[in-house]
Amino acid sequence: MKKDMICKLLIIGTGPGGYIAAIRAGQLGIDTVIVEAKKAGGTCLNVGCIPSKALIHAAEEYEKVLHYAEGKSPLGIGLAAPTLDLGRTIAWKDDIVRRLNNGVAGLLKKAKVPVVHGWARFKDGKTVEVETETGPQIVRAETVIIATGSAPIELPFLPFGGNVISSTEALALKTLPATMAVVGGGYIGLELGIAFAKLGTKVTVVEAESRVLPLYDAELTRPVMKRLADLGVAVLTGAKAKGVSAKGDALLISTADGADEKIAAEKILVTVGRKPVTEGWGLEEIDLDMAGRFIKIDDQCRTSMRGIYAIGDVTGEPMLAHRAMAQGEMVAEIVAGHKRSWDKRCIPAICFTDPEIVSAGLSPDEARKVSPEIKIGQFPFSANGRAMTKLAEDGWVRVVARADNHLVLGIQAVGVGVSELSTSFGLAIEMGARLEDIAGTIHAHPTQGEGFQEAALKALGHALHI
Amino acid sequence: MGEHTIKLPDVGEGVAEAELVEWHVKIGDIVREDSILGAVMTDKATVEIPSPVQGEVIWLGAEIGDTLAVGSPLIRLKVEGEGTPTQAIEDQPGELEPAEPKPLPETTKVAEAKPKAEAKPEPAPLKAAPVARATTIGAPRAEGDRPLASPAVRLRAQEAGIDLRQVAGSGPAGRIGHEDLDAFIARGTHAAGAVAAGLQPSNEITDIKVVGLRRKIAEKMAKAKQRIPHITYVEEVDVTALEELRAQLNKGKRADQPKLTILPFLMRALVKAIADHPQMNAIFEDDAGVIHQYGAVNIGMAAQTRNGVVVATVHHAEARDIWDCGAEVNRLADAAKAGTATREELSGSTITITSLGAIGGVVTTPVINYPEVAIIGVNKIMMRPVWDGASFVPRKMMNLSSGFDHRVIDGWDAAVFIQRVKALLETPAMIFV
């Protein structure tokens, strides 16, 4: 048996929530230990945000070049048909992931936070046993942060394995499937579906709801629907997946009008959501209160047990890395004795489809629930010079504000590259900007960001370029 | 026009630095030759700094409370003709003397009062908070609305333990800015409570710099209480006979003899008692672990001045008769009050008497005048009924509340010493034999 480790703060999981908490705790001089069963960085860095963005970028580039090769580009660029070595693409992606793994490990080292590698399991509220390669390691801590994250949801009639894959496997395919069925038209399914479609796979999206990306309003998703059609992605809404064909080469579904259908699919990508990882690490030993499937937390990320905090995906929606990071930072400061509580006004969400979707704050429908009267200003990129020069005229920016005091409640955008606008959207809402604040800020020309200012001006009734 | 710089002169007695305790001038004032610019304080004495020239004050080199090295620039004047920027007033000996008795201005000069500025967290608010802001500025938030404030303001509020829902925002859309938070903090959290008619809550905070004599008192008291484990012993003394004797002596005194208070008698009694208990008349040099017992009985007496308490010393009480003691007590009390006591007169005591008798009070717990080992506190003489074995008789009773350094004086010895003093005072003839 190894000698027990004793620390002030133990963090379980090195995902964005866990490693940020560890770095901040290290900065604050808290004696901290972090446990990781796999590689540093969690889902986000290893099998989520980062590798998917790498694949999406590669697909974008390939599709662009293919477009040139087909002689369809108005830019006048022509070239020979491109080739794709998916193995090399994945190797490039893996290299980025590896560099970031090392980066996180380096940051933890710099923060003087030791990493215990292995699977952690609570023995009681203050004691965790880690199954390391070299035997069990007991870690005793005054305070514990649970940051175990989430995992893809598996459908009972489509268990992962063989041709049925999750996003994790989709990001590691060595050869391009000719056909792919995507079960679940949420953001993960569409991001990956679009990427594979661009790379040349025939993609069919099967969504049980009446439309894809049900979390975003229909207006926001419309440009994406148009693009899906352009890319030849079939979208079957109101359709239910039922299982794999006997041969394993097709997905069995029941369509919106109840007919059974067979969709040829070399790979079946199941992206019906993610579930918190609440099993296997001894939750039953500490018996925390739950909020549905998630660990119940308060506005300081405290669980029902004193001295145990939980952050990130394991605590609920939105399951986003940047929410976990903000929670991790906050909890480290609370553990250091600072007075903190969750007071964020918005957690921007981005969908890296083509075009991209950004939403910060309230949608018009949500805003109507909190404010009797609202003003909406929407500015299309078709009236934006920079968007035109980028062949990115599809999409728009929309600002939602209270009618009485012009306080900005929500900002949404859809369009090529709008993910980078999320920062100014978030800033505006956190700072409590009014329409006049955004309208009165000089936005550099020519940028797509001007669309943000114009949308605010439009809500005020005097947009200049429309 | 030229400039004339006045440096802190050598205030004598081998003093290397002095604390600025008063400014009599401010920037823009015209000063005449010999008018007093300010005062500095050394260990005990306060020294006034006169102006050697006439001119306009353009720069002050220190704030009240600052300690200045001798020779450092103190003040700069704009003068007629060529300036002599480096001239220090030690060039003009004779101008300096211990401060004359001087009426202090109405407002105590060491108390630099100003409205308390809130501790400004970073980033500092763009402008000072107008404390008198109306309580409700800006559109009132509807019920359930989240308060609107930037992350920086929210962080400050959290750290100050303030619920932003309680704070009115003066910004557009009711946004709460740093200045709103400042105003809320300045108003205090009780402002929301009901206010009785005609009674206004005051949230005024006056900052008073602890400087000069007050600082020295503070340091000395803290040191005495930190280092010395005090034992306090209170005993009552029947002073009926002593008071009769005192009345007789005062009635029959010559014109050149001082009016005797109780103090000279107590001093003489102490001299007698100390002869038997020399350990009470000592300086305990605790860092060195040495007690210096003195043959001289130099009795300090606490004297209240406008700026605080000082201890004036009747040196060699063992060599003074009752009249001499009385005369010295009166002289020193006047000098201390007037601020003319010299350093020698304000130091060198080996045991101290403190008397609040004039005000009243039954018991005090006096603080030993560090590094001495004993202090005798005199309480008010009061007529009390005393059982004489057959009946109650009215007697003039006085309590002595005394403190001893318990590190070097045991309770037993302290009690025996005070009993000796009591016996002497109750039978005053013994004082004189």
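**A walk along helix H3 of chain A**

What you see is a predicted model, in which local features need pLDDT of at least 70 and side-chain atom pairs count only at pLDDT 80 or more, while totals for chains, interfaces and linings use all residues. Residues are numbered from 1 along each chain as its sequence is written, and chains are lettered from A and ligands numbered from 1 in the order in which they are written.

Let's look at H3 itself. Helix H3 of chain A covers residues 49–69, and its 21 residues reach 30 Å from first C-alpha to last, close to the 30 Å expected at 1.5 Å a residue (1.5 Å times one less than the number of residues). Pro51(A), Ser52(A), Ala54(A), Leu55(A), Ala58(A) and Ala59(A) are buried in H3(A); buried means 20 or more other C-beta atoms within 10 Å of a residue's own, exposed 12 or fewer, and partly exposed in between. Down the axis of H3(A), the buried residues fall within an arc of 155°, so they line one face of the helix; the arc is taken from the directions from the helix axis to the C-beta atoms. Just after H3(A) comes Gly71(A), with a positive phi of about 70°.

Now step back to the whole chain. Chain A has 14 helices and 24 strands, and 47% of its 466 residues are buried.

Key
Helices (H or I, at least four residues) and strands (E, at least two) are DSSP runs, numbered from the N terminus.
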